[in-house]
Each structure stands twice: as C-alpha cells, then as structure tokens.
Amino acid sequence: MKTYYYVLASQHFLIEEEPLEEVLKERTRDYLEKQKEIDFWLVKQPAFLEAPEMREVKTKCPQPAAAIISTNSQFITWLKLRLEFVITGQFQAPSDTIPDPIASLTTV
C-alpha cells in the first residue's frame, strides 16, 4: 500500500474559482523538464470519499467535490497554503475500501 495525500474542495471552488489549471500546467511542465514521473492527479467526484473511513470528510465538503491527489505530501501542503479554503488529508491505497486511489464516480 502507498500513502496518498489530497486537497479536497467543491468542484466549483477548486476548478472554477481558483487558477488551478495554471498551477497544474506549470507543475507538469516542471516535471517533464526534470524527467520526473507525474505524481499528482485532479479527480472530479473522487471515489475515495465513498470509503466508510472517509464519511466524516465527505460530509464537510460541498458536493460535487474535486480533489488533487498526490503521493507527494509537500506538494499537497503547498497547495493547502496557496488555496486556503480546502480540506487536506491522507489515505492508504489500494485497500479493501479504496481499491483505486484516483478513481472517479463520474463517467466520461
């Protein structure tokens, strides 16, 4: 199992009110230049919120939710400071209750 860290907020806040696209593009560009593997994902309606252990977190976040999930805790801490009005936390996956850490409940 691996530890995943997240920043969670309503989709409206995270995607529309914040300049998140710019932040993620810059981070992606930096990773590509350094030939570093991408370790973060933007997930709309993250499935990990359906796990029983995440029930309390889900009730605190306006729905529909969106999350940036990463294996890099420092990146999530930086995002928390930058975005301010978000929920942060961590979980272990894959597990019985969270089989896919970056799964979404939305269908494209």
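The tour begins with the whole chain and then moves to individual residues.

**Before selecting anything**

This is a predicted model, in which local features need pLDDT of at least 70 and side-chain atom pairs count only at pLDDT 80 or more, whereas totals for chains, interfaces and linings use all residues. Residues are numbered from 1 along each chain as its sequence is written, and side-chain values use heavy atoms, with hydrogens and water left out.

**The whole chain**

Display the chain as a cartoon and follow it from the N terminus: the order of elements is β-α-α-β-α-β-α-β. The radius of gyration, taken over C-alpha atoms, is 13 Å, close to the 13 Å that the globule rule gives for 108 residues, so the chain is as compact as a globular protein of that length. The globule rule is 2.2 Å times the number of residues to the power 0.38. There are 4 helices and 4 strands; these are DSSP runs, with helices (H or I) of at least four residues and strands (E) of at least two, numbered from the N terminus.

Next, show the contacts (heavy atoms within 4.5 Å). Of those with a separation of 6 or more, 78% are between residues 24 or more positions apart.

Then switch to a surface view. Buried residues account for 38% of the 108 residues. Here buried means under 20% relative accessible area, exposed means over 50%, and partly exposed lies in between (1.4 Å probe, protein chains only).

Select residues 20–33, which form helix α2. Which residues are linked in a network of salt bridges? They are E26, R29 and E33. A salt bridge is a side-chain nitrogen of Lys or Arg within 4 Å of a carboxyl oxygen of Asp or Glu, and by this rule the count comes to 6.

- R29 and E26: the closest N and O atoms are 2.3 Å apart, and the two residues are separated by 3 positions, about one turn of the helix.
- E33 and R29: the closest N and O atoms are 2.4 Å apart, and the two residues are 4 positions apart, again about one turn.

R29 is partly exposed at 37% relative accessibility, as is E26 at 40%, while E33 counts as exposed at 56%.

**Helix α3: a further pair**

Move to residues 55–60, helix α3, where K60 and E56 lie 4 residues apart. They form a salt bridge with the closest N and O atoms 3.5 Å apart. Is this pair buried or exposed? Both K60 and E56 are exposed.

**Backbone features in the loops and beyond**

Most residues other than glycine have a negative phi, and most peptide bonds are trans. The next selections depart from these patterns.

- Q45, in the loop between β2 (40–44) and α3, has a positive phi near 45 degrees. Q45 is partly exposed, at 30%.
- E84, in the loop between α4 (73–83) and β4, has a positive phi near 70 degrees.
- P64 lies in the loop between α3 and β3 (65–70); the peptide bond from Q63 to P64 is cis, with omega near -5 degrees.
- P94 lies in the segment after β4 (87–93), and the bond from A93 to P94 is cis, with omega near -5 degrees.
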